[in-house]
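Let's take a friendly look at one helix pair and the packing around it. Please have the sequence and the model open as you read.

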Amino acid sequence: MAHLLGAEALHLEYPTKVVFDRVSLGVDEGDRIGIVGRNGDGKSSLLAMLAGRREPDAGRVTFRGGVTVGMLDQADVLADDLTVAEAVVGDRPEHEWAGDPQVRDVIAGLVGDLDWHGALEALSGGQRRRVALARLLVGDWDVLALDEPTNHLDVEAIAWLAAHLKRRWAASSGALLVVTHDRWFLDEVCTATWEVHDRIVEPFEGGYAAYILQRVERDRQAAVIEQRRQNLARKELAWLRRGAPARTAKPKFRIDAANVLIADEPEIRDKVQLQSLAVSRLGKDVVDLLDAGVAYDDKQVLRGVEWRIAPGERTGILGVNGAGKSTLLGLVAGTVTPTSGRVKRGKTVKVATLTQRMDELDPHLHEPVRVVVGRLRTTYEFGTGSKATELTPGQLLERMGFSSAQLSTPVKDLSGGQQRRLQLLLILLDQPNVLILDEPTNDLDTDMLAAIEDLLDAWAGTLLVVSHDRYFMERVTDNQYAVLDGHLRHLPGGIDEYLRLRAAGVGRADAAARGAASSPASDAAASAAAPATPALVGADRRAAEKELTALDRRLEKLTRRIDADRVALADHDQADYQGLGERMREIGELEAERDALELRWLELGEQLEA
C-alpha cells in the first residue's frame, strides 16, 4: 500500500499537561482507522495535527505530493446566509452535481428532508451538522478526517453513513481517520483502531470488537493496568461474543482466542434475579398504556398505544426525530396526559428521567462534587444477591471516573462528560425503580460508556432508553420498540428490523408530519418510490391486527427456542456427527420459519400503516 501521510516524533503540550510525547504514525492507502480514548487525552488534537489544521509543538506531519485532506471538525463554521444547496454543492451547475451518483447519494442520505433552497440560519444545530457533513462528503479527498461524525445523526442516518463510507473506500485508494464514541460505527467501518492514552498512540488491528479483544490480552499480559478497567473490558468482550450475531460472526474477530479469555466470565446480567428484585421493589404493576393517544391541537402524535411495561423490563425506543418518542416517555413518566385512552400506574412506581438538559445540576453548580453526592445517601447497594455490596458516594464517584482532585471541584467547572456522569449518579442515588434515559451517551468516551453499562447491569428496575447510539442500546436493553406513524411497534428483530422497515417506507408519515421540504434529491427518490400499499379497513383491518399480535408472540417463542437450541448444540457430544447434523437441521428449519414469519409481519405492518 502506498503511503499517504506520516507523523514523526509529535510533541504537544498545554501549560499544565503533556498530551503527546514523540508519537510517530503512518497512514497508507486503504486504511480506515478509528481513534478512541478517554475524553481529554488528545484524540481531536491528534486528528487536527494529521489533517494539517494544527501545528505540533515539536515533530512534523508529512504528506505525499498532491494528497488532499478533508476534515469535519466539531465547530460549526457555516455562514448563516448560505442556503442548503449553496453550502453542499457551492456554485456548481445542477446538471454537473446531479449527474454524479456519489453526490446524489450524499444529498439523499443526509439532507434530503431539508429545504434545499432554505437558509442555514433557520436550521437546528443537528441539521447544520448534517449539512456540514454532506458538504465534505460530496468532495473528492484522498484522506477524510472525521471528528465525531455521528453526533446529531439518528440510527438510520448512522447506518447510511457507515454503508456510504465502506462503499466509497472499497472503490478508492484513499484513507479514513475517524474520532467517534459510537462503538457500532467503529466496528462497522474501521479496519484498524488507534487508542490514545498516556501521551502515546497505540495501534490495534481491526474494529472495536477486535480492539477490545487485543486490549484484554495486553492488559492481562502486562499485569500493570488497573484491575477495574481490565474487568470492564473482559465483561464487554463477553457481551461482544455472546451478543449480536452480526458482530460475533466477523472473521476479523478471533473467536477461539476470545472464547478462552471469557471462559469463566459470567453473563453480563442475571436476568432472573434482577427481575425478582424488580418485582419486590415495584410489585407486579408498573405502567400500562391502554389504547393511549396524544394529540396537540389537530395533530395526532400517538394513537392506539397498547404497552404493558413489566417489572425489570429493559426496552429501547427507536424512531426518527419528531416521531413521538419523547411524548411516549412523557406518558410513562406522567408528564404528558393522554387525550385518548388511559394510563394505569402502579402504586409503588417511582420514575426518574435522565434528560438531555441536565436540569438536576442547576441548584448545585457552585457546590463541590463531594458535597452534592454526599447529601443524598450515605451508601448505595450495588449488585444483586450474594454479590451485592454497599458503596459510599466517594466509591461510586471513583467508579464513574472521578479522581480525588475532582471531588472538590465545583459542578460548574466540570466538563460536559463529567456533568453527564454526575447527573446519572444523582438520579441513581435517589433510588428510582423506573429509569428513563434520553440520549445518555452524549459527551462520554468509550471507557466511560462501558463503566455506565456495567453500573446499569446490576440495577434492579425497569429501564427505558432512547438513544442514537446503537451499541449502547443493544448492550443495555433486551428488546426494542419503534414509534412509526404514531403507533408503537415491537421489533423482534431489533434495530436491523427497524432499518428494514424504514427502508421499506414504513414511517413515511413521520417525515411528512415534520414538514419535510422537497429537494432535487428527495423529489427523485419520491418519484421512484414503490406504489402505495392498499389500506385495510373494517373487518380486514381487525383481522390483520389480530394476526400481527399473534405473529409477535410466535416470533418471540421461536427466537427463545432457537437460542435455547443453539446453547444445547454447544453442549452436544461433538463425536455424535449424526446427532449434531440433525440438531443443526432442526435449527435451520426454525430459522427459516422465523424468516417467513418476519416477512409476513412486515407485509401486515405496511398494510396497516397505509
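In this predicted model, Gln-102, Val-106, Leu-110 and Val-111 of α4 are in contact (heavy atoms within 4.5 Å) with Arg-130, Val-131, Leu-133, Ala-134 and Leu-137 of α5. By class, this contact has seven nonpolar, one polar and one charged residues. Helices here are DSSP runs of H or I with at least four residues, strands are E runs of at least two, and both are numbered from the N terminus. The axes, lines fitted to C-alpha atoms over the stretch in contact, come within 10 Å and cross at roughly 170 degrees. Angles over 145 degrees count as roughly antiparallel, and α4 and α5 are therefore roughly antiparallel to each other.

Numbering starts from 1 along each chain as its sequence is written. Local features need pLDDT of at least 70, side-chain atom pairs count only at pLDDT 80 or more, totals for chains, interfaces and linings use all residues, and side-chain values use heavy atoms, without hydrogens and water.

The largest nonpolar core has 133 residues, and Val-131, Leu-165, Trp-307 and Leu-422 have the most contacts inside it. Its largest share, nine residues, comes from α6. Such a core joins buried Ala, Val, Leu, Ile, Met, Phe, Trp, Tyr and Cys residues through side-chain atoms within 4.5 Å.

Methods. Axes fitted to C-alpha atoms, helices over the stretch in contact; angles between N-to-C directions. Parallel < 35°, antiparallel > 145°, perpendicular 65-115°, else oblique. Nonpolar A, V, L, I, M, F, W, Y, C, P; charged D, E, K, R; others polar. Buried < 20%, exposed > 50% of the residue type's maximum accessible area, 1.4 Å probe, protein only.
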